[in-house]
Amino acid sequence: MMMDGLMDAIKVFYNGVGVFFILYLIGYSTFLFLAVAVGTSTLYQVRQQTMLKNVLEKNYYVPVSVIVPAYNEELTVVDTVRSLLDLEYAVYEIIVVDDGSKDGTAQRLIDAFSMGAIRQPIRRQVACRPEEFVYISLDQKVPITLIRKANGGKADALNMGINASQYPYFICIDADSMLQYDSLREIVRPVLEDDNVVAVGGSVRPCNQMELERGRVKHYRLPRNLLACMQVLEYDRSFLAARILFDKFNGSLIISGAFGLFKKEMVVACGGYDNTTLGEDMELVVKLHAFCMANQIPYRMRYATGAICWTQVPENLKDLCTQRRRWHLGLFQSMGRHRGLFGKARYGAVSLVSYVYFLLYELLSPYIEVFGVLTVMLAFWVDLINVPFMILFFGIYAVFGSVLSLTAFFSRIQTIDLSISLGDGLKALLLCLFEVTCLRFVLAFVRATAFRGYRKKKLNWGKIERQKMQMR
């Protein structure tokens, strides 16, 4: 009798779990479908406008400071700066902030661009660690400034760059990334269209095995490394789908630290980057939302689909896990510090849509997914699972996710005038299922265990193996 009662309780529990997961997956699938549909449609419209020349003329510019925070980036930092010199833009400056690197990052730049030491006072508009020396090169296309400072983390390095910048807008770009020749022009376009724009996010795409010549894609192919190849599919789905959809209602909570533009006076007004968080990029965006709404300042956060930044992605599982663990901790810190945005009607769609989405499908999703796997294993043990139905359900979900990933991938390929070989097309087709099923659950487990060693490593830059970038 007691066993019968226990089994009845287990059945009720599993019925509840089943209903929850069906609703959870339907909600996520609906969002993903809507996001990819809106993203694909937007890319098509942008392409049509470009073909019809229905865009702003090229002779309109906003002066921009390009800030490159670097820590132990001697392998890639020179190529990154050279790619910035290839930008087709009239008025900008390049500021590299060496955050106490232990390798030859600073010396590589000094030698490559014949830089000379200067005495330049730096006005502290936002808090940062002190500088050790400043070098400058004036014989390039635009001024290049190198600031070596005491180690304080990426956010601290970005704050130093803000303090040293002379223009009203600044762009942050990682030292392992390269901008396409027209990226600066594209990312400032929303600012020219609307004075209320305070931040603009760009598109970030993996560049492993891709060749860039003077800011233009010389030869594009999918990475030979399968893990990097799956990240291409993941990035395209993320940047095509969610970023474009959130842009429609001013609901973006993330602008990638690899490539984003900000209005300097607004960033300074809200205190700059927070150097006590791992997710300084998301924390700043959420803080700008809260600051502007609290002070009733009209503002817009935009996403520029045509502004492309090519970045290296990890090619081994250890580095990928390190990266995603850091991202998840940063997400937790940002949402926790600004939890006052949650469920407040006065904050509009940012609170009722964006925050809820990031809470359910980003922050809590790894724990929900791991819990789901454990309940399935337990259901097998007590013989309470309909195996054919489970296989069918997850099969439909996997195929649906794969179709949307491929839609995002091929839409992006077509709309930015790239071409891929038949072999790469087949590789994407075969790997999309593996990415949606196997890799997703591996990363879910990594994110679910992200808090191990959190207090010891919460401000580390994180070490990821770099490769020499392919550019001419």
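Visitor: Which residue in S4 stands opposite Ile118?

Guide: Start with the general idea. Strands of a sheet pair through backbone hydrogen bonds, either parallel or antiparallel. Here, Ile118 stands opposite Val134 in S4. Two strands pair if DSSP finds at least two bridges between them. Strands are DSSP runs of E with at least two residues, helices are runs of H or I with at least four, and both are numbered from the N terminus. S3 (residues 116-118) and S4 (residues 131-137) are antiparallel, with 3 bridges.

A word on the source: this is a predicted model, where local features need pLDDT of at least 70, side-chain atom pairs count only at pLDDT 80 or more, and totals for chains, interfaces and linings use all residues. Residues are numbered from 1 along each chain as its sequence is written, and side-chain values use heavy atoms, with hydrogens and water left out.

Visitor: How many bridges join S4 to S5?

Guide: There are 6, and S4 runs antiparallel to S5 (residues 144-149). Look at Val134 again: Ile147 in S5 stands opposite Val134. The link from S4 to S5 is a hairpin of 6 residues.

Visitor: In what order do the strands of the open sheet run?

Guide: The order is S3-S4-S5-S2-S1-S6-S11-S8-S12-S7, which makes 10 strands with mixed pairing. S3 and S7 (177-179) are the edges; each has a single partner strand, so one side of each lacks a neighbour in the sheet. From one strand to the next, the twist averages 30°.

Visitor: Which strands does S1 join by parallel bridges?

Guide: S2 (residues 92-99) runs parallel to S1, with 7 bridges. Val68 faces Val96 of S2 as its opposite residue. S6 (residues 169-173) is also parallel to S1, through 4 bridges. There, Ser65 has Phe170 as its bridge partner.

Visitor: Are the two faces of S1 covered or open?

Guide: General idea again. In a regular strand the side chains alternate between the two faces of the sheet. In S1, both faces are covered. Val64, Val66, Val68 and Ala70 are buried on one side, and Ser65, Ile67 and Pro69 on the other. Buried means under 20% relative accessible area, exposed over 50%, and partly exposed in between (1.4 Å probe, protein chains only). Of the 7 residues of S1 (residues 64-70), 7 are buried, so S1 is largely enclosed by the rest of the structure.

Visitor: At what angle do H2 and H3 pack?

Guide: Axes are lines fitted to C-alpha atoms, for helices over the stretch in contact, and angles run from 0 to 180 degrees between N-to-C directions. H2 (residues 77-85) packs on H3 (residues 105-112) at about 45°, with the axes 9 Å apart. That makes the pair oblique, the class left after under 35 degrees (roughly parallel), over 145 (roughly antiparallel) and 65 to 115 (roughly perpendicular).

Visitor: Which residues of H2 and H3 meet?

Guide: Contact means heavy atoms within 4.5 Å. From H2 come Val77, Val78, Val81 and Arg82; from H3 come Thr105, Arg108, Leu109 and Ala112. They divide into 5 nonpolar, 1 polar and 2 charged. Ala, Val, Leu, Ile, Met, Phe, Trp, Tyr, Cys and Pro count as nonpolar, Asp, Glu, Lys and Arg as charged, and the others, Gly among them, as polar.

Visitor: Is Thr305 buried or exposed?

Guide: Thr305 is in strand S12. Its relative accessibility is 8%, so Thr305 counts as buried. Beyond neighbours within four places in sequence, Thr305 contacts Leu43, Val46, Ser203, Ile244 and Arg412.
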